[in-house]
Amino acid sequence: MSRALEDGVVGEEKASNGHGCCKTGPGYASPLQAMSGPRESLIYVTAVYSGTGIEKPDYLATVDVDPNSPTYSKVIHRLPVPYLGDELHHTGWNSCSSCYGDPSARRRFLIVPALVSGRIYVIDVKTNPKAPSLHKVVEPSDIIQKTGLAYPHTSHCLASGEIMISCLGDKDGNAEGNGFLLLDSEFNVKGRWEKPGHSPQFGYDFWYQPRHNTMISTSWGAPRAFTKGFNLEHLSDGLYGRHLHVYKWPGGELRQTLDLGDSGLLPLEIRFLHDPAKDTGFVGSALTSNMIRFFQTQDGSWSHEVSISVKPLKVQNWILPEMPGLITDFLISLDDRFLYFVNWLHGDIRQYNIEDLKNPKLTGQVWVGGLIQKGSPIVAVTDDGETWQAEVPEIQGKKLRGGPQMIQLSLDGKRLYATNSLFSTWDKQFYPDLVKEGSHIIQIDVDTEKGGLKINPNFFVDFGTEPDGPSLAHEMRYPGGDCTSDIWI
């Protein structure tokens with residue numbers, strides 16, 4: 001096996017080593033071609049000490065996911081960042097499949113924004129994929145001085161070589177100051193992407209679809225609210241979002257705002273279908289636990305409809321009489337056949353067949369944590385008054401902690417990985433034991449023919465046994481790209 005495949009580096013290696021049939025940029029020519037890429041052998045995951053009481057810097061963990069390796073399902077490297085209190089969160093690439101047509105582009109750097117401190121770390125994962133190194137730090141003072149932006153979240157590379165990062169507020173945590181940061185190819189602060197006066201009401205995630213000249217962003221809330229934990233009063237105070245913001249791409253003009261109403265409170269992750277010709281996608285509404293499909297209409301405007309609903313559970317011994325599922329992450333397989341999402345509070349992961357976009361069908365469900373698992377004081381109550389709790393198996397003798405949070409799918413769609421930390425403040429509020437005992441990563445085997453999910457009993461990455469104490473694992477990336485970071489044009 002070549003060194004490139006061993007390290008999980010694909011696509012751009014053809015161009016750089018001269019052995020490929022043609023020179024290409026990073027990634028793959030199409031989503032379907034990506035499905036034939038090599039099996040993942042490494043995962044990079046952000047691991048957090050911020051907010052846990054452990055005075056250590058957050059770090060990027062490298063996890064071995066090669067089942068033939070002696071260190072399978074182990075953390076094999078840790079890259080601590082230089083500062084305390086960052087809260088590393090989501091990550092992106094300096095270039096991805098959107099740069100496939102540029103032979104000079106290389107997927108060399110992982111972009112790691114720190115949600116709380118506002119720093120942006122640039123990490124070299126190509127020189128030594130098993131032991132990444134810090135390349136550059138973009139300081140928050142530089143970002144604030146030049147753009148006024150803070151609380152950086154989602155990072156996407158652009159075909160131009162620039163990096164675009166959504167920022168959720170200003171330095172004081174006000175949502176009114178949010179917008180989109182642009183870094184040049186050398187990771188210098190370039191300015192804002194959106195035109196003056198075209199900033200969204202709230203910020204969070206975004207995804208662009210160039211063939212339809214459109215970018216759509218979502219809404220979490222004001223940092224001064226969500227950084228303190230979730231408070232229902234903040235919702236009524238107007239400190240959380242319920243809108244999608246439709247922008248002209250790549251121009252940066254806000255063209256339309258979609259009010260998702262009470263069925264779309266806290267719309268977080270957003271994904272277009274991977275096929276760049278398609279003008280539709282989904283967004284997960286966390287608080288009301290709905291998957292909402294958005295789509296372009298005949299007149300060129302955008303509309304939306306509730307596609308999948310997770311009913312709140314009637315419960316006893318909890319802070320409220322009803323518990324929402326809290327859809328915090330979802331993804332779509334590269335062939336656009338299956339949609340997967342998590343219910344962080346309920347504790348299940350679901351698989352839906354979405355080949356008929358208007359009629360998704362539940363094809364798989366597995367319980368991997370949650371507040372209502374057996375042994376918890378919290379019980380769910382049926383309409384006829386019966387109580388029940390979810391059966392959650394142990395893996396390698398370890399009880400599954402917290403609830404499923406971030407997920408990542410293998411290129412071929414056959415393995416789904418899940419972490420369980422949302423945000424340190426919210427973790428402490430809803431799953432205090434998770435902060436004390438640490439996160440984990442589990443792997444779910446996927447039936448891609450008939451549908452179905454099954455826990456892999458041989459895979460368990462325990463962040464409760466880390467050298468510096470239990471840490472919180474959040475988002476995952478493969479060295480060669482994945483279905484939640486790559487965009488095709």
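Modeller: Arg337 and Glu355 form a salt bridge, with their closest N and O atoms 3.5 Å apart; a salt bridge here is a side-chain nitrogen of Lys or Arg within 4 Å of a carboxyl oxygen of Asp or Glu. This is a predicted model, in which local features need pLDDT of at least 70 and side-chain atom pairs count only at pLDDT 80 or more, while totals for chains, interfaces and linings use all residues. Residues are numbered from 1 along each chain as its sequence is written, and side-chain values use heavy atoms, with hydrogens and water left out.

Colleague: How many residues apart in sequence are the parts that Arg337 and Glu355 tie together?

Modeller: Arg337 lies in the loop between strand S22 (330-332) and strand S23 (338-342). Glu355 lies in the loop between strand S24 (348-353) and strand S25 (361-367), so the pair ties together parts whose separation in sequence is 18 residues. Strands (E, at least two residues) and helices (H or I, at least four) are DSSP runs, numbered from the N terminus.

Colleague: Is Asp462 buried or exposed?

Modeller: Asp462, in strand S31 (residues 453-462), is linked to Arg401, 61 residues apart, by a salt bridge of 2.8 Å, N to O. Buried means under 20% relative accessible area, exposed over 50%, and partly exposed in between (1.4 Å probe, protein chains only). Arg401 has 11% and is buried. Because its relative accessible area is 13%, Asp462 is likewise buried.

Colleague: How does Asp262 count, as buried or exposed?

Modeller: Asp262 meets Arg242 in a salt bridge of 3.6 Å, N to O. Arg242 counts as partly exposed at 27% relative accessibility. At 59% relative accessibility, Asp262 counts as exposed.

Colleague: How many disulfides does the count come to?

Modeller: Cys483 is in no disulfide either, the nearest cysteine sulfur, that of Cys96, being 13 Å away. By the distance rule, the count of disulfides comes to 0.

Colleague: Which are the edge strands of the open sheet of 4 strands?

Modeller: The order is S12-S13-S14-S15, with antiparallel pairing; two strands pair if DSSP finds at least two bridges between them. Edge strands pair on one side only, and here they are strand S12 (206-209) and strand S15 (254-259).

Key:
A disulfide is a pair of cysteine sulfur atoms within 2.5 Å.
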